[in-house]
Amino acid sequence: PGLSNAGSCFDAVNLYLTAVEQVGSTDDRKAICDAIRGITYRGVCGAYVFDPADQTAVPYPAVATDPEK
């Protein structure tokens, strides 16, 4: 036991899957990155919103407001 990254790994895989489903292929990496930048993803660890400039996750609620409101 101890600390676990299972929740964030689950969210990361499902966020990637959501982007791949939008693009329709795993071959176009740029399109997948563009899709990720446009997704607001609510996972088990919270909401994920990405800064379009550098694709870093913007912390919610510390920096970003609720992206769906």
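Just after helix α1, Gly 24 takes a positive phi of about 90°. Helices here are DSSP runs of H or I with at least four residues, strands are E runs of at least two, and both are numbered from the N terminus. Before going on, note that this is a predicted model: local features need pLDDT of at least 70, side-chain atom pairs count only at pLDDT 80 or more, and totals for chains, interfaces and linings use all residues. Residues are numbered from 1 along each chain as its sequence is written, and side-chain values use heavy atoms, with hydrogens and water left out.

Now the overall layout. The chain holds two helices and three strands, and along the sequence they run α-α-β-β-β.

As for Val 20, setting aside neighbours within four places in sequence, its contacts (heavy atoms within 4.5 Å) are Ser 25, Thr 26 and Ile 32.

What makes up the largest nonpolar core? It has 10 residues: Leu 15, Ala 19, Val 20, Ile 32, Ala 35, Ile 36, Ile 39, Tyr 41, Tyr 48 and Phe 50. Such a core is a set of buried Ala, Val, Leu, Ile, Met, Phe, Trp, Tyr and Cys residues joined through side-chain atoms within 4.5 Å. The elements giving it two or more residues are α1 (6–23), α2 (29–38) and β2 (46–50).

Two of those core residues, Tyr 41 and Tyr 48, also form a tilted aromatic pair, 6.0 Å centre to centre with 45° between the planes. A search of the whole structure finds one aromatic pair. Rings of Phe, Tyr and Trp (its six-membered ring) pair if their centres lie within 6.5 Å; planes under 30 degrees apart are stacked, over 60 edge-to-face, the rest tilted.

| Residue | Relative accessibility | Class |
|---|---|---|
| Tyr 41 | 13% | buried |
| Tyr 48 | 18% | buried |
| Arg 42 | 41% | partly exposed |

Finally, the C-alpha atoms of Arg 42 and Asn 14 are separated by 10.0 Å, though these residues are 28 residues apart along the chain.

Technical notes
Buried means under 20% relative accessible area, exposed over 50%, partly exposed in between (1.4 Å probe, protein chains only).
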